[in-house]
Amino acid sequence: VQQGKMRYNEVNCIIENKRDKDILDLMLLLTNSTARQLSDPEKVRQAESLTNILKRMQEAGKVEGRVRDIAAKMLRASSGQLARYHAIAENLQNPELKQAFDEGRLGISAAYEASRLDAAEQKKVADTLGKEGKVSLQHVAKAAKAEEEKPKTAYRSLHPKHHEKLVKKMEMVGIENMTPCEQCKIATE
């Protein structure tokens, strides 16, 4: 910086004062990520692991700021890309689709779009996978379009992972005080 090279004014670093589990996990994850080119499923797992480590560190007061932004900077990815990775990790529930993604028969874009489908539609995409051996983004778009063309009910069912969170919230505030969101149509059932 003193030589006028302002790009060195701010440098990402980890300050290691003591070797705790989170710091060691973080160092291992980041070291492994630079050893070779990662596949898309490995990037998803890496992003989820890094996010979990940073959340633990944030809860312990070791990290300040928005976790997704910190993780994105560390992984040299956009915050939006990390959101897509998270959607795949959380919402791609069909076992055949998960396996196809891990094996490279389901690309990252198709996996993300499939993660936005409900369980029945993911099953239809998996059936296509079983017939054709591979699923493209067009297959997933076709399943999504079929879903859009079905007659709409007032609300759609909750994803099972979110059901537990909703039940806890209902216990806290009382079901009589909860109303379904009109924008996203998530049912309280």
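User: How should I read the packing of two helices, and at what angle do H4 and H6 pack?

Analyst: Two packed helices are described by the angle between their axes and by the distance between those axes. This is a predicted model. In it, H4 and H6 pack at an angle of about 60 degrees. Their axes are 8 Å apart.

User: What does that make H4 and H6 to each other?

Analyst: Angles of 65 to 115 degrees count as roughly perpendicular, and those under 35 as roughly parallel. H4 and H6 are therefore oblique to each other. The crossing in which H4 passes H6 is left-handed.

User: Which residues of H4 and H6 meet?

Analyst: From H4 come Gln81, Arg84, Tyr85, Ala87, Ile88 and Asn91. They meet Ile108, Ala111, Tyr112 and Ser115 in H6. By class, this contact of H4 with H6 holds 6 nonpolar, 3 polar and 1 charged residues.

User: Which residues of H4 are buried?

Analyst: Buried means under 20% relative accessible area. In H4, that picks out Leu82, Tyr85, Ala87, Ile88 and Asn91.

User: How do I check the span of H4, and how many residues has H4?

Analyst: Set the distance from the first C-alpha to the last against the span expected at 1.5 Å a residue. H4 has 13 residues and reaches 18 Å, close to the expected 18 Å.

User: Now H5 and H7. At what angle do their axes cross?

Analyst: The axes of H5 and H7 (residues 119-132) cross at roughly 55 degrees and come within 8 Å. H5 and H7 are therefore oblique to each other. H5 passes H7 in a left-handed crossing.

User: Which residues make the contact of H5 and H7?

Analyst: H5 supplies Glu96, Leu97 and Ala100. H7 supplies Gln122, Val125, Ala126 and Leu129. The contact of H5 with H7 divides into 5 nonpolar, 1 polar and 1 charged residues.

User: How do the axes of H1 and H2 cross?

Analyst: Look for the angle first. The axes of H1 and H2 cross at roughly 155 degrees and come within 10 Å. Angles over 145 degrees count as roughly antiparallel, so H1 is roughly antiparallel to H2. H1 passes H2 in a left-handed crossing.

User: Which residues in H1 and H2 meet?

Analyst: On the H1 side are Asp22, Ile23, Asp25, Leu26, Leu29 and Ser33. On the H2 side are Gln46, Ser49, Leu50, Ile53, Arg56 and Met57. By class, the contact of H1 with H2 has 6 nonpolar, 3 polar and 3 charged residues.

User: Which residues of H2 are buried, and what covers them?

Analyst: Read burial first, then cover. In H2, the buried residues are Pro41, Val44, Gln46, Ala47, Glu48, Leu50, Thr51, Ile53, Leu54 and Met57. Their cover includes H1 (21-33), H3, H4, H5 (95-103) and H6 (108-115).

User: What is the phi of Arg76, and is Arg76 buried or exposed?

Analyst: Phi of Arg76 is near 55 degrees, a positive value in a residue other than glycine. Arg76 sits in the loop between H3 (67-75) and H4 (79-91). Arg76 is exposed, with a relative accessible area of 77%.

User: Finally, the whole chain. How many helices and strands are there?

Analyst: The protein chain has 9 helices and 0 strands. Of its 189 residues, 29% are buried. Among contacts between residues at least 6 apart in sequence, 56% join residues at least 24 apart.

Note on methods:
Residues are numbered from 1 along each chain as its sequence is written. This is a predicted model: local features need pLDDT of at least 70, side-chain atom pairs count only at pLDDT 80 or more; totals for chains, interfaces and linings use all residues. Side-chain values use heavy atoms; hydrogens and water are left out. Helices (H or I, at least four residues) and strands (E, at least two) are DSSP runs, numbered from the N terminus. Buried means under 20% relative accessible area, exposed over 50%, partly exposed in between (1.4 Å probe, protein chains only). Contact means heavy atoms within 4.5 Å. Axes are lines fitted to C-alpha atoms, for helices over the stretch in contact, and angles run from 0 to 180 degrees between N-to-C directions. A crossing is left-handed if the near helix is turned anticlockwise from the far one by less than a right angle, and right-handed if clockwise. Ala, Val, Leu, Ile, Met, Phe, Trp, Tyr, Cys and Pro count as nonpolar, Asp, Glu, Lys and Arg as charged, and the others, Gly among them, as polar. The expected span of a helix is 1.5 Å times one less than its number of residues.
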